[in-house]
Amino acid sequence: MAWVLKMDEVIESGLVHDFDASLSGIGQELGAGAYSMSDVLALPIFKQEDSSLPLDDETKNPPFQYVMCAATSPAVKLHDETLTYLNQGQSYEIRMLDNRKMGDMPEITGKLVKSIIRVVFHDRRLQYTEHQQLEGWKWNRPGDRLLDLDIPMSVGIIDTRTNPSQLNAVEFLWDPAKRTSAFIQVHCISTEFTPRKHGGEKGVPFRIQVDTFKQNENGEYTDHLHSASCQIKVFKPKGADRKQKTDREKMEKRTAHEKEKYQPSYDTTILTECSPWPDTPTTYVNNSPSTAPTFTSPPQSTCSVPDSNSSSPNHQGDGVSQTSSEQLQPSATTQETQQWLLKNRFSSYTRLFSNFSGADLLKLTKEDLVQICGAADGIRLYNSLKSRSVRPRLTIYVCQEQPGSSLLQGQQQAAGSGAENGSGTPYVYHAIYLEEMVASEVARKLALVFNIPFHQINQVYRQGPTGIHILVSDQMVQNFQDESCFLFSTVKGTLSVCVCVCVCVCVS
């Protein structure tokens, strides 16, 4: 029994010794000198995986980089997109940097590229309704743009352009080999697109996006090269500085552990790569009842109040026809409406009404036009649309004297019945509208009405109570009674012709 126990102890000790030896062998096999990491990676299985991994030299390098000289907010968490605060109307520099490596994109070397800078909505919900949002902003801010380019401060930009139908975009050409900086001004603020409730609403964020294109085979800048954007919020003047200071003070009050969850604030904002902005043309629906254009440009008029060849004192003849020809028709197209605005001295509002047809413009009330164009231009545009002609300062009626009748007899008949002369022939009067209220204007318009060469008229007289001829002066014209009736006659002499009525004209 003792021998059995002794044999068990020997076997147990041997097994322990063998187990320790095996462990020590394992440790020696896994020692630092047994294998190296290069030997491990040289195994066939790792060689296959390694061949599929991209090398550092193969990583794609963006051709351009855009840096906006405005500080980022310190109150942005890690892994979130940076946020930059801007002041409304303040100029901010965007540096256009060539980031190509040697030999990259040789087709644009020594050539110009085109960049389009836009301010767009960050929220997807507002992006879907961008057209309606911008139209509402344009209605409240007539004549203004959301984005402008500060050309005097910009460097290296060529052929700057702004599209009147795209108030939130500017475009220009630039040479990547030269220093280029574009200074932009954002005129809309974030709270303008927030529903008004009780005050203190949080403004919506925008995006500044830059899209760059090269020339295609036809010389048009349509081949996309690169796009990048950043998130911004726009405040009223100096509001961005106060917001930046508030965020910085809040971060200073946080513990060191909490600060680790936020990004540091940088002096500049680097625009990150993104997809190009879709350039889909905006379509407009014309709800006017007729699409046939009826607007025609009338001949240029030299008088503010047209002369009349009417046959009755109550008929305004040419004045009515001229007014109707200049009137904007409801069936006028957008192009014809633009022509009408230009002709009637509303060129500063052509961009604002670029999508208005004649029917759209005529539907606007006087209050609408005053709100859009201001009091002075709004009332003027309303009167032009409604064809309200200016009432002349003085209206006189003139009838040419019938042969064989005396002046005094004609005057008495005109003052009495005013209908017929002694032979039963009715007196036909012409209306003359005076604006300047001077004697030369009377002579000029008498010449037009009665087809007398103006340069042949020597003097204009008015017959006095005893048959004397009184020279018509400016002061006399200013004392004419409105809607007075006169008989008109001409008196020819050897060297001159005098026209006599209650007004007489001496014609040479």
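**Exercise 1. What percentage of the 508 residues in the chain do buried residues make up?**

Solution. The structure is a predicted model, in which local features need pLDDT of at least 70 and side-chain atom pairs count only at pLDDT 80 or more, whereas totals for chains, interfaces and linings use all residues. Residues are numbered from 1 along each chain as its sequence is written, and side-chain values use heavy atoms, with hydrogens and water left out. Begin with the term: buried means under 20% relative accessible area, exposed over 50%, and partly exposed in between, with a 1.4 Å probe and protein chains only. On that basis, buried residues make up 38% of the 508 residues. As a next step, take the accessible surface of the chain, which comes to about 30,200 Å², with 53% of it belonging to carbon and sulfur atoms; the areas come from the Shrake-Rupley method with a 1.4 Å probe.

**Exercise 2. Describe the surroundings of strand 4 and identify its pairings with strands 7 and 9.**

Solution. Nine of the nine residues of strand 4 (residues 113-121) are buried, so the strand is largely enclosed by the rest of the structure. Strand 4 pairs in the antiparallel sense with strand 7 (residues 169-174) over six bridges, where Ile117 stands opposite Val170. Strand 4 also pairs in the antiparallel sense with strand 9 (residues 206-215), over eight bridges, and here Ile116 has Asp211 as its bridge partner.

**Exercise 3. Locate the buried residues of helix 12 and state which helices they pack against.**

Solution. In helix 12 (residues 375-385), the buried residues are Gly378, Leu381, Tyr382 and Leu385. They cover an arc of only 100 degrees around the axis, which puts them on the same side of helix 12; the arc is that of the directions from the helix axis to the C-beta atoms. These buried residues pack against helix 9 (334-343), helix 10 (358-362) and helix 11 (366-373).

Definitions and conventions
Helix = DSSP H or I, 4+ residues; strand = E, 2+ residues; numbered from the N terminus. Pairing = 2+ DSSP bridges. Contact = heavy atoms within 4.5 Å.
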